[in-house]
Amino acid sequence: MVIKQPDGKKASLAIGALLGAGMFVGSVVIGSVAITKPFRLTERPFLRDILFYLIAVFWTFVVLWQNNVTIYTASGFIIMYVMYVSLVVFGRLTFQSWRRWKERRAVREAAHDEPPGISLEPLGEPLATPTTPADPAVTEFVSLTSVPVMLD
C-alpha cells in the first residue's frame with residue numbers, strides 16, 4: 001500500500017518546516033541561551049538526542065528519495081520514536097541506578113580505609129622521639145625549618 005500526496009509542494013513544505021524548526025531549535029535557541037546564561041551541557045543526553053535527530057533526518061531523506069510513503073516507511077518513524085522514548089526512560093533509570101551503586105561503593109570503600117579507634121602510635125606515644133645532638137654548641141636544629149645552624 002502506497003500513500004501519495006496529490007500536491008507534492010505542500011508535503012515538501014511541511015517536511016521543510018519540520019527540518020527548519022529542528023535546525024532553529026538546535027542552533028538559534030541553544031546558542032541564545034548559552035550566550036545569555038552559560039551552562040554545562042550533559043554529554044550523554046545531548047549525544048543521544050543528536051544521534052536520533054540525525055537518524056530521523058536520514059530516514060526522511062530516504063522517504064523523499066523514494067518519492068512515496070509506504071506503511072513500512074511510516075512504521076519506521078513510529079518505531080524510531082518508540083525506541084527513542086524507551087532509550088530515554090530506561091537510560092535514565094539505568095544511569096541513576098549506576099550512580100547510586102557507585103555512591104554506595106564509595107561509602108563502603110571509605111569505611112574500610114580507616115577503621116575507627118585504631119591509632120598508629122602505640123599507647124599514645126609519638127612514633128619518633130626527638131634526639132639531641134651530642135654537643136649542642138656545635139649544631140642546633142631549628143624546630144620550625146629543620147635546617148642545621150652552626151653556633152659559635
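Modeller: The side chains of arginine 48 and aspartate 49 meet in a salt bridge, with N and O 3.0 Å apart; the term requires a side-chain nitrogen of Lys or Arg within 4 Å of a carboxyl oxygen of Asp or Glu. The model is predicted, so local features need pLDDT of at least 70 and side-chain atom pairs count only at pLDDT 80 or more, whereas totals for chains, interfaces and linings use all residues. Residues are numbered from 1 along each chain as its sequence is written, and side-chain values use heavy atoms, with hydrogens and water left out.

Arginine 48 is buried, at a relative accessible area of 16%, while aspartate 49 is partly exposed at 31%. Here buried means under 20% relative accessible area, exposed over 50%, and partly exposed in between, with a 1.4 Å probe and protein chains only. The areas themselves come from the Shrake-Rupley method with a 1.4 Å probe, and for residues only the protein chains shown count as cover.

Side chains of opposite charge can pair when their charged atoms come close. Across the whole structure, three salt bridges are found. Another of them joins glutamate 43 to arginine 40, at 3.5 Å from N to O. Glutamate 43 is partly exposed, with 46% relative accessibility, and arginine 40 is exposed at 66%.

Arginine 105 also forms a salt bridge, with glutamate 109, and the closest N and O atoms lie 3.2 Å apart. Because the two residues are four apart in helix H3, about one helical turn separates arginine 105 from glutamate 109. Helices are DSSP runs of H or I with at least four residues, strands are runs of E with at least two, and both are numbered from the N terminus. Both partners are partly exposed: arginine 105 has a relative accessible area of 38%, and glutamate 109 has 41%.

Helix H3, residues 71-113, also supplies the largest share of a positive patch, five residues. The patch lies on the surface and gathers Arg44, Arg92, Arg99, Arg100, Arg104 and Arg108. Patches are made of residues with over 30% relative accessible area and no salt bridge; like charges are joined within 9 Å, and nonpolar side chains (Val, Leu, Ile, Met, Phe, Trp, Tyr) within 5 Å. Lys and Arg count as positive and Asp and Glu as negative, while His and the chain ends are not counted. The place of a charge is taken as NZ of Lys, CZ of Arg, CG of Asp or CD of Glu. Arginine 104 is found in helix H3 and is partly exposed, at 45% relative accessibility.

Turning to the aromatic side chains, the structure holds three aromatic pairs. The ring centres of phenylalanine 52 and tyrosine 84 are 5.2 Å apart and the planes stand at 65°, so this pair is edge-to-face. Rings of Phe, Tyr and Trp (its six-membered ring) pair if their centres lie within 6.5 Å; planes under 30 degrees apart count as stacked, over 60 as edge-to-face and the rest as tilted. The pair links distant parts of the chain, 32 residues apart, with phenylalanine 52 in helix H2 (residues 43-66) and tyrosine 84 in helix H3. Phenylalanine 52 is buried at 13%, whereas tyrosine 84 is partly exposed at 24%.

Tryptophan 59 and phenylalanine 77 also pair edge-to-face, with ring centres 6.4 Å apart and planes at 75°. This pair links tryptophan 59 in helix H2 with phenylalanine 77 in helix H3, 18 residues apart.
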